[in-house]
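This report describes a structure for a reader who has not seen it before. The sequence and the model come first, and the description follows.

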Amino acid sequence: MSDLINVIIFLGLLALGYFSGTYFEQQHYKSIKKREKKTLYVPTVTFGAKQAMPEARDAALFAGSVVIGADYFKTFVSYLRNLVGGRVVVYESLLDRGRREALLRMKEQAIAWGATQVVNVRLESSNIGQQAGSNKGMMAIEVIAYGTGVK
Amino acid sequence: MILTTLEGVPGQEIVEHFGLVQGSTIRAKHVGKDIMASFKNIIGGELKGYTELLQEARKEAVERMVSQADRLGANAVVNVRFATSSVAQGAAELFAYGTAVRVK
């Protein structure tokens, strides 16, 4: 009997994770696409340090960051993936969302300041949820984007 | 204090170098945020509590770097880089470094 309850709880969490995770992901992608279109007029480039200084009268540092977590369904699928190996598609979209969100937050701050361009952008991500090498703890990945806004 | 990720400040010239400056802080997450985050790990989405915590911590790391540059007499820090690393279960180090310079 208690085994059955455990299975039901597990399936319930899996379904909750799947439906809410998919819902949040769709909502997030919608908002990302909308904001990316809105901020498209400010170019963001990853070069700048080795070039001649851009023509500008003012410069400032901007950083955008986001901590993302997986849902129960994604965690379960990645466990299964670990058995056979290969691409973990569920985490790819997660990291893609995080990176784009961090870039957008950086850009929005820069635009609010009046930037005409964001140069020498760097992206960084690190796992803060668990110790390296262990599978304990939850998934929490910080993605940070930073660059120099010029105007 | 001007901060940039470039090797100089646009429109201005570097007149003096002061070398590397850095600032770091190690933050632990508190239990309440941990519980919220593990709940979020079931339904998915951004862990807002952690985002705010790390943004605050990063601000402090930058402030420490800036005050170090201030003491040296610099008015800008160029080529700034950030790094984050998990040093222990539940604690993260945030780190900012750059080169202190005086620009004109």
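The model holds one cavity of 30 Å³ or more. On a 1 Å grid over the protein atoms alone, a cavity is a set of points where a 1.4 Å probe fits but cannot get out, a pocket is an open set with protein on both sides within 12 Å along at least five of seven lines, and lining residues have an atom within 4 Å of a point. Grid points are joined across faces, edges and corners, and a volume is the space filled by probe spheres set on the points.

This is a predicted model, in which local features need pLDDT of at least 70 and side-chain atom pairs count only at pLDDT 80 or more, while totals for chains, interfaces and linings use all residues. Residues are numbered from 1 along each chain as its sequence is written, chains are lettered from A in the order in which they are written, and side-chain values use heavy atoms, without hydrogens and water.

| Space | Volume | Lining by class |
|---|---|---|
| Largest cavity | about 40 Å³ | six nonpolar, no polar, two charged |
| Second largest pocket | about 310 Å³ | six nonpolar, four polar, three charged |

Ala, Val, Leu, Ile, Met, Phe, Trp, Tyr, Cys and Pro count as nonpolar, Asp, Glu, Lys and Arg as charged, and the others, Gly among them, as polar.

The lining of the largest cavity includes Ile128(A), Arg27(B) and Tyr50(B). Its largest share, three residues, comes from α2(B). Helices (H or I, at least four residues) and strands (E, at least two) are DSSP runs, numbered from the N terminus.

The second largest pocket is lined by 13 residues; among those nearest its centre are Ala63(A) and Arg58(B). β1 (59-69) of chain A and α2 (48-72) of chain B each give two or more residues to this lining.

The two chains also meet in a contact (heavy atoms within 4.5 Å). This contact takes 45 residues from chain A and 35 residues from chain B. Together the chains bury about 3300 Å², 57% of it on carbon and sulfur atoms. Buried area is the accessible area (1.4 Å probe) that two parts lose on being put together, summed over both. On the chain B side, Asn41(B), Ile42(B) and Phe82(B) lose the most area to chain A, together 18% of what that side buries.

Within chain A, residues of α1(A), including Phe10(A) and Glu25(A), meet residues of α2(A), including Tyr72(A) and Lys74(A). The residues of this contact divide into seven nonpolar, one polar and two charged.
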